[in-house]
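Here's a quick tour for anyone opening this one up for the first time. Take a look at the sequence and the model, then read on.

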Amino acid sequence: MSVLSVLVVDDEPLAREGLALRLAEYEYVTVLGCCNNASQAYDAISVKQPDVIFLDIEMPGKTGLELAEQLRLEGNPATIVFVTAFREFAVNAFDFQASDYLLKPFSEERLKECIEKLSSACDVTQVVRQHEKLGRLLSRKTGNSIDSFIHSLEVSNELSSSHELHELQQVISLKSGSVWIRVKLDDIVWIEAAGDYMCVHTTNDTHIIRKTLKQFEQELDSAHFPRVSRSAIINIAKLSTLTPNSNGEYVAQLSNNIQVKVGRKYKFSIDELRPQ
């Protein structure tokens with residue numbers, strides 16, 4: 001909770017001192033002093049700048065309502081809590097945007113409720129003021145508002161996340177024996193079934209993987225890695241030519257002078273395989 005600095009204003013000595021003592025029992029309340037009339041209170045407020053003023057309404061000379069009105073017109077940010085024995089002043093009190101209204105005699109529970117409400121409001125006010133201070137600082141340094149700065153961070157974070165996701169999507173993890181390896185999709189030339197194993201042929205190496213061709217089909221984008229036979233998947237980006245042979249099948253010419261047969265059953269992939 002925020003520490004509250006308070007000023008007590010009441011023309012009755014016992015009421016004034018009693019409230020000050022009760023407030024001083026709260027560890028997050030600092031009592032700056034007590035005043036017995038509105039004039040004395042106005043001077044003290046100007047000097048001490050309290051967060052909260054516990055203000056009696058019925059006082060000789062200027063009333064608490066009149067003092068509250070004067071402070072409001074001058075733009076004083078102090079929070080007002082009216083303290084009075086007269087219930088009929090309640091409506092007028094809230095016309096002056098009072099934070100609370102304590103009707104004498106009030107219980108300790110009622111006072112605690114008031115203090116907690118004030119502290120919570122002060123927390124919010126401090127956050128708002130810090131936000132405004134940061135906004136002014138950013139404006140001087142960058143010419144941008146804090147909302148614009150936050151938007152820039154959000155966009156930057158989205159772009160970063162998108163970039164990281166894109167990079168993640170360009171790599172596949174494979175278990176070769178007992179070792180996990182990461183292979184870039186761009187490096188894969190073709191994938192060949194060999195009994196219970198798969199041979200992942202890359203531009204520089206071949207990895208023996210215990211996996212099925214069906215599993216690779218599910219993991220890889222078929223638009224880029226189409227299956228071309230019962231035992232092969234190719235990287236469409238590595239295709240250089242597609243040549244028909246005598247029995248109606250095709251031979252896909254890949255990089256590194258690799259040739260892979262395209263089975264009859266997979267002729268539906270021909271359009272996708274045909275170089276653009």
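Residues are numbered from 1 along each chain as its sequence is written, and side-chain values use heavy atoms, with hydrogens and water left out.

The protein averages a pLDDT of 80, and 75% of the residues score at least 70; pLDDT is the predictor's confidence in each residue, from 0 to 100. Over residues 163–168 pLDDT stays under 50, and the model has zero contacts there beyond four places in sequence (contact means heavy atoms within 4.5 Å). Where pLDDT is low, the predicted coordinates should not be read in detail.

Strands here are DSSP runs of E, at least two residues long, numbered from the N terminus, and two of them pair if DSSP finds at least two bridges between them. Three strands form an open sheet in the order 13-14-15, with antiparallel pairing. Strand 13 (239–244) and strand 15 (258–262) are the edges, each pairing on one side only.

Strand 13 is joined to strand 14 (residues 250–254) by five bridges. Pro 244 stands opposite Tyr 250 in strand 14.

## Charges over rings

Two charged residues sit over rings (NZ of Lys or CZ of Arg within 6 Å of the ring centre and within 35 degrees of the ring normal). Arg 210 lies over the face of Tyr 197, 5.2 Å from the ring centre. Lys 211 does likewise over Phe 216, at 5.0 Å.

Technical notes
Helices (H or I, at least four residues) and strands (E, at least two) are DSSP runs, numbered from the N terminus.
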